[in-house]
Amino acid sequence: LLFRKYGVSGICVFNASRYANPGDILKIDFVPDMDKEDLDSFLVSRIGLCKANGTDNVSVGDVFRGFMIHPLVEALLNKTGIDECAFIDKSWFETPQATLLLDDIKGLSLTIKGIEADQAQVKRGGYDVSAFDTKSLSAKTVPGLYAAGEALDVDGPCGGYNLHWAWASGMLAGKSAVDYLAKQ
């Protein structure tokens, strides 16, 4: 998962964008192997680790350093109004701010506004494949019209499937179009 100025990106987002619509909620769990109580205990234990390493006054930033990348921590702290430099102890994790932060780490909710068309690798939609002959990719109702790739409503998950479809369907449609013209 990549955070960009325009939103989120990465292979998981590319795959999810096949199904997502504006207004849908994307919920992100940054530590799926921990429940909230385990996360709370883990972060409290990091206060002790910081003190054991010679830090007398432990800040929020100290607790998160090395656990999550700094730009993400910074964004989560800004969202919840927590000062990264604020000193904390075990009791801090019982505050409403800490609860909001833990909630966001376990389930940050982002509302989908749309798909950044300039950044899209694959765009869903296209002509209904049932309107085309599967053996030639010719339109069933318009002689001499062929379609391939994203012009047809076919898309797959990341992993080369969309490129394969583009190349294979392009070769089939191109060969079929040449054969059609040769008969004219």
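Six salt bridges are counted in this structure, which is a predicted model. One of them joins the side chains of arginine 18 and aspartate 155, with a nitrogen-to-oxygen distance of 2.5 Å. Arginine 18 is located in the loop between helix H1 (11-16) and strand E3 (25-28), whereas aspartate 155 belongs to the loop between E4 and H6, so this bridge ties together parts of the chain that are 137 residues apart in sequence. Arginine 18 is partly exposed, at 22% relative accessibility. Aspartate 155 is likewise partly exposed, at 22%.

A salt bridge is also formed by lysine 36 and aspartate 103, whose closest N and O atoms are 2.0 Å apart. This pair links distant parts of the chain, with lysine 36 in helix H2 (residues 36-52) and aspartate 103 in helix H5, 67 residues apart. Lysine 36 has a relative accessibility of 37% and counts as partly exposed; aspartate 103, with a relative accessible area of 29%, is partly exposed as well. In a further salt bridge, aspartate 62 meets arginine 65, and the closest N and O atoms are 2.8 Å apart. Aspartate 62 is buried, its relative accessible area being 16%, while arginine 65 is exposed, with a value of 53%.

Confidence in the model was examined for the chain and for its elements. The protein chain has a mean pLDDT of 90, and 97% of its residues reach 70 or more. Among the elements, the lowest mean pLDDT, 83, belongs to strand E1 (residues 2-4), and the highest, 95, to helix H6 (residues 161-182).

Helix H4 (residues 70-80) contributes Leu72, Val73, Leu76, Leu77 and Thr80 as buried residues. These residues lie on the same side of H4, because they cover an arc of only 130 degrees around the axis. In general, an α-helix has 3.6 residues a turn, so residues three or four places apart point the same way. The other side of H4 carries the exposed residues Pro71, Asn78 and Lys79. The partners against which the buried residues of H4 pack are E1, helix H3 (60-64), helix H5 (96-107) and strand E4 (108-111). Just after H4, glycine 81 adopts a positive phi of about 75 degrees.

The aromatic residues form six pairs. In one of these, the ring centres of phenylalanine 64 and phenylalanine 67 are 6.2 Å apart and the planes meet at 45 degrees, so the pair is tilted. Phenylalanine 64 is buried, with 4% relative accessibility. Tyrosine 127 and phenylalanine 132 also form a tilted aromatic pair, for which the centre-to-centre distance is 6.3 Å and the angle between the planes is 50 degrees. In this pair, tyrosine 127 is exposed, with a relative accessible area of 56%, whereas phenylalanine 132 is buried, with 7%. Phe42, Phe64 and Phe67 are linked into a cluster by ring pairs.

Serine 59 is situated in the loop between H2 and H3 and is buried, with a relative accessibility of 9%. When residues up to four places away in sequence are not counted, the residues touched by serine 59 are Glu84, Cys85, Ala86, Phe87 and Ile88.

A search of the whole structure returned zero disulfides. For cysteine 85, the closest cysteine sulfur is that of cysteine 50, at 14 Å, which is too far for a bond. Cysteine 85 is exposed, with a relative accessible area of 57%. For cysteine 12, the closest cysteine sulfur is in cysteine 158, and the separation of 9.3 Å is again too far for a bond. Cysteine 12 counts as partly exposed, at 44% relative accessibility.

Terms used: Residues numbered from 1 in each chain as written. Predicted model: local features only at pLDDT ≥ 70, side-chain atom pairs only at ≥ 80, totals over all residues. Heavy atoms only, no water. Disulfide = S-S within 2.5 Å. Buried < 20%, exposed > 50% of the residue type's maximum accessible area, 1.4 Å probe, protein only. pLDDT = per-residue confidence, 0-100. Helix = DSSP H or I, 4+ residues; strand = E, 2+ residues; numbered from the N terminus. Arc of directions from axis to C-beta. Contact = heavy atoms within 4.5 Å. Phe/Tyr/Trp six-rings, centres within 6.5 Å; stacked < 30°, edge-to-face > 60°. Salt bridge = Lys/Arg side-chain N within 4 Å of Asp/Glu carboxyl O.
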